[in-house]
Amino acid sequence: MHPMISTSSATLTTAAIFMLTLSYANGFATLPTELDRTQQRCQLERTYKMVGYNCANLNLKEIPQTLKSSLEIFDLSFNRIRDLNPQSFARYGSVKYLYLFENMIHNVEPETFSSLTNLEAIDLSNNALISIPLELFRLPSLRNLYVSHNTLSKLDEDLPALEKPIKAPLQVLGLADCRLQRLPDLGVLPDLWQLNISSNPMKELTLGQFSPMCNLKTVELNNTQIPICPCQVLTAELVLRRTKIMFPPLYCIPLTSSEQNLCNAEAKRDIEPDQVADYHQCMEIRNSRQLDTEAKSAWMKISAAVAGCIVLFATILFCLHRRNVRRLKAKRKPKKVPLKSINRVILVPGPAGDGPESEVPPATTTGTTITAKCDKLLSDCD
């Protein structure tokens, strides 16, 4: 290697190391790739004809603000995000599926999620939340909410400020391992069909707390600490409501009818009046929606039948009109009579002094007349 080239390379390497050390000491970004890392490494993906960004496991500490605002799927899982504020998702109002699990989220300022009016599912599991942001329950499209593996110690303090009934049509709610003693009071939930409350103490869980959930299909109760008799009564009653109990503790299953009767008497199955009212309200909402659906279906069928009759009637009228037009044209058009003979015009010279040749009227169709004319012409030629 040329000595001059070696010297210049050493000089450049020394300068690069010096600049790198200085930038680290001052706390600035060190390389151009560090500045553009988020935009370069967040992968644009398309799933089910939806635009999404996969920003998972990039050690992000805040929400990227340089992505396309039209994204619908936003995966920010396995990062180091701690704080969220109203500006975090202000430009991403079209997001439908938001994944924030496995972060360090602790502080969520009010109205952080208010701009996500199209949000259908959000996963905040495995974070450091102490409560659920109340604006999530006001989102008009939110169906799936997962907040498992958070210590929701302040949830009961925040829920009295929640406006009920909630606007979010929750269908799936994940509350596993949240240190809950009882179900959170979210008001009437007529759309909720799946509930996961496993790995919670749930020492104060009663049948009345399930009254606002009249459409519940699946409940996970594994690894809970519900007392024996309340758990047996709850399990038996939910089964009567056609709710499937997933992984219930073994002591929640009554072994004999006498044991079940003893638990019924001990647990005092009486439900408070307001809880009964919640159940009836939930059923009224369900029934009214079913009636609305049936009414819409009936009106659609009636409308389709009326439209079909109108189209059929219009088609018949059009066909009759075309037929009448053809008949009128046929009546107005004269019939062509086939010719049985040929009419001839014969020019003969007129008498002397009469001038030019005169026209002879067309020959008649009878054979006698034609023969006479021919004889006369022959005699004139002689």
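On a 1 Å grid over the protein atoms alone, a cavity is a set of points where a 1.4 Å probe fits but cannot get out, and its lining residues have an atom within 4 Å of a point. With that in hand, let us walk through the structure together. This is a predicted model, in which local features need pLDDT of at least 70, side-chain atom pairs count only at pLDDT 80 or more, and totals for chains, interfaces and linings use all residues. Residues are numbered from 1 along each chain as its sequence is written, and side-chain values use heavy atoms, with hydrogens and water left out.

Let us begin with the overall layout. The protein holds eight helices and 14 strands; these are DSSP runs numbered from the N terminus, with helices being H or I of at least four residues and strands E of at least two. Of its 382 residues, 31% are buried, where buried means under 20% relative accessible area, exposed means over 50%, and partly exposed lies in between (1.4 Å probe, protein chains only). A contact here means heavy atoms within 4.5 Å. Among contacts between residues at least 6 apart in sequence, 49% join residues at least 24 apart.

Next comes the interior. A nonpolar core is a set of buried Ala, Val, Leu, Ile, Met, Phe, Trp, Tyr and Cys residues joined through side-chain atoms within 4.5 Å. The largest such core has 64 residues, and those touching the most other members are Phe74, Leu76, Phe89, Leu98, Leu100, Phe113 and Phe210. Helix α5, residues 228-240, gives the most to this core, with three residues.

Ser88 sits in the loop between β4 (83-84) and β5 (97-99), and beyond residues up to four places away in sequence it touches Ile63 and Gln65. Why does Ser88 count as buried? Ser88 does so because its relative accessible area is 6%.

Helix α5 deserves a visit of its own. Its 13 residues reach 19 Å from the first C-alpha to the last, close to the 18 Å expected at 1.5 Å a residue; the expected span is 1.5 Å times one less than the number of residues. Buried residues in α5 are Cys229, Cys231, Gln232, Val233, Leu234, Thr235, Glu237 and Leu238. Just after the helix, Arg242 takes a positive phi of about 65 degrees.

Now back to the cavities. A search of the whole structure finds two of 30 Å³ or more, where grid points are joined across faces, edges and corners and a volume is the space filled by probe spheres set on the points. The largest contains about 50 Å³ of space and is lined by Phe137, Arg138, Leu162, Glu163, Pro165, Ile166 and Lys167. That lining has four nonpolar, no polar and three charged residues; Ala, Val, Leu, Ile, Met, Phe, Trp, Tyr, Cys and Pro count as nonpolar, Asp, Glu, Lys and Arg as charged, and the others, Gly among them, as polar. Pro165 has a further feature, as a cis peptide bond joins Lys164 to it, with omega about -5 degrees. Pro165 lies in the loop between α4 (155-158) and β9.

The second largest cavity has a volume of about 30 Å³. Its lining consists of Leu173, Leu175, Leu183, Pro184, Leu186, Leu189, Leu195 and Met213, which by class gives eight nonpolar, no polar and no charged residues.

Pro190 is found in the loop between β9 (172-174) and β10 (194-196), and it counts as buried because its relative accessibility is 8%. Apart from neighbours within four places in sequence, Pro190 is in contact with Pro212, Asn215, Cys282, Ile285, Arg286 and Arg289. Pro190 and Met283 are 93 residues apart in sequence, yet 7.5 Å apart in space, C-alpha to C-alpha.

Glu102, in the loop between β5 and β6 (107-108), has a positive phi of about 60 degrees although it is not a glycine. Asn126, in the loop between β7 (121-123) and β8 (144-146), is another non-glycine residue with a positive phi, near 55 degrees. Glu102 is partly exposed at 33% relative accessibility, and Asn126 is partly exposed at 30%.

Note on methods: 1 Å grid on protein atoms, 1.4 Å probe; cavity = no way out; pocket = protein on both sides within 12 Å on 5 of 7 lines; lining within 4 Å.
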